[in-house]
Amino acid sequence: MKALYLEAPGEEPDLQIRDVPLPEIRERDALVRVAACGLCHHDVAVMSGMLRRGVRPEIILGHEISGVVQQVGGSVQSLQEGDRVVATLTAFCGECDRCLSGLQYRCRQGQGVGHAISGGFAQYVALPATSLLPVPDGVDIVEACVAACPVGVTIQAISEVARVKPGETVLVVGAGGGLGAHALQVAATQGARVIGVTTSPGKMQAIEALGNVEVILSTEDLDFSEIAMALTGDEGADVVLNTVGSAVFNSCLASLSQFGRMVVMGEVTGARANFNLTDVLFRDATIAGSTGTSPSNIARALGMMSTGGVKPIIHERMNLANAAEGFRLVRSRNAFGRIVLIPPQA
Ligand SMILES: [Zn+2]
Ligand SMILES: [Zn+2]
């Protein structure tokens, strides 16, 4: 099969398509023919060399996988050839304390797909059958690749970490990115008032077209909290979803209401946040981190996608061989939503 390999990370990473044998499946695995695999900031961070920890050498990257089951191992009952599936972000044991409490994405023996075990930037991927969820009829198999990350990841942050309630105000910072564009929609399904912050004038129209979303156009060095305060009658936002990280941390903090919650969902630059703890104290604020998502939230994501509550935002479908171009596009931040890589469909 054809698979994409990161030969050398860097500002211009060396990405090559290699011909390799089909992955072997064990008793409990399924072989999936990959329909699409999203190109996430996580992959881009590995390709650029910013993120190295836990990435096994010679691994095939890519964790946002949709496809069709080609073959199943001897003990697999839950799947059969031809089933349309999406993958969880982590292969999990199903038996440890975390798995048993619904936190499979933090399984004690968990292995990140496209990180510790090979992922979806290839024609085929072998995964445990428990890591594959059925795609409902009516959801396009290519669009389905965003169900776990980013859609499921935003559901987790919004409904389980921030616990957004109807009528609350949610500020989504980095609204034009893959996480942000879906977070806006998921927050709206929870009955929240949704305000997006973007630094890309070219994305404003597309963000507003998602419906029920107000947009703040910011710049790299603008403190958008003054606008957020003005839009909320000086109350601030109940929840701030920070998909950008340290670069906007202080503006996010200053945008929070009394008892506000900030959920940090990404770190784009790898820099440090430097802030005054009294800003947290006197707001009675909560700052939490959230990445990953459980199988139940991936199933919720697929449900929202099949009813149209959440529309998958795909900037471009690109051939796997053009991954380097996708890398540049993600880094330029000119993409609205996800770049999706399509392996040769042989
Ligand atoms: Zn991702
Ligand atoms: Zn486990």
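Asn-212 is found in the loop between α5 (204–208) and β12 (213–217), where helices (H or I, at least four residues) and strands (E, at least two) are DSSP runs, numbered from the N terminus. Phi of Asn-212 is near 55°, a positive value in a residue other than glycine. This is a predicted model, in which local features need pLDDT of at least 70 and side-chain atom pairs count only at pLDDT 80 or more, while totals for chains, interfaces and linings use all residues. Residues are numbered from 1 along each chain as its sequence is written, chains are lettered from A and ligands numbered from 1 in the order in which they are written, and side-chain values use heavy atoms, with hydrogens and water left out.

**Backbone geometry**

- Most residues other than glycine have a negative phi, and most peptide bonds are trans.
- A cis peptide bond, with omega of about 10°, joins Cys-149 and Pro-150.
- Pro-150 belongs to helix α3 (residues 147–161).

**Domains and their interface**

- The chain is assigned domain 1 (2–140 + 312–342) and domain 2 (151–289), with bounds from an automatic or database domain assignment.
- The centres of domain 1 and domain 2, taken over C-alpha atoms, are separated by 28 Å.
- Eleven residues of domain 1 are in contact with 20 residues of domain 2, contact meaning heavy atoms within 4.5 Å.
- Between them, domain 1 and domain 2 bury about 1,100 Å², 60% of it on carbon and sulfur atoms; buried area is the accessible area (1.4 Å probe) that two parts lose on being put together, summed over both.
- On the side of domain 1, Ile-313, Arg-333 and Phe-336 lose the most area to domain 2, together 52% of what that side buries.

**Salt bridges**

- The structure holds 13 salt bridges, each defined as a side-chain nitrogen of Lys or Arg within 4 Å of a carboxyl oxygen of Asp or Glu.
- Arg-18 forms a salt bridge with Glu-7, the closest N and O atoms being 3.1 Å apart.
- This pair links distant parts of the chain, with Arg-18 in strand β2 (residues 14–19) and Glu-7 in strand β1, eleven residues apart.
- A salt bridge also joins the side chains of Glu-220 and Arg-333 (3.9 Å, N to O).
- One salt bridge is found across the interface of domain 1 and domain 2.

**Pocket and cavity**

- On a 1 Å grid over the protein atoms alone, a cavity is a set of points where a 1.4 Å probe fits but cannot get out, and a pocket is an open set with protein on both sides within 12 Å along at least five of seven lines; lining residues have an atom within 4 Å of a point.
- The second largest pocket has a volume of about 680 Å³, a volume being the space filled by probe spheres set on the points, with grid points joined across faces, edges and corners.
- Its lining comprises 29 residues, of which Arg-26, Asp-29, Ile-117, Leu-127 and Pro-128 lie nearest the centre of the pocket.
- Strand β8 (residues 124–128) gives the most to the lining of the second largest pocket, with five residues.
- The structure holds one cavity of 30 Å³ or more, and about 30 Å³ of space lies in the largest cavity.
- Residues lining the largest cavity include Leu-4, Met-47 and Phe-121, and strand β1 (residues 2–8) supplies the largest share, three residues.
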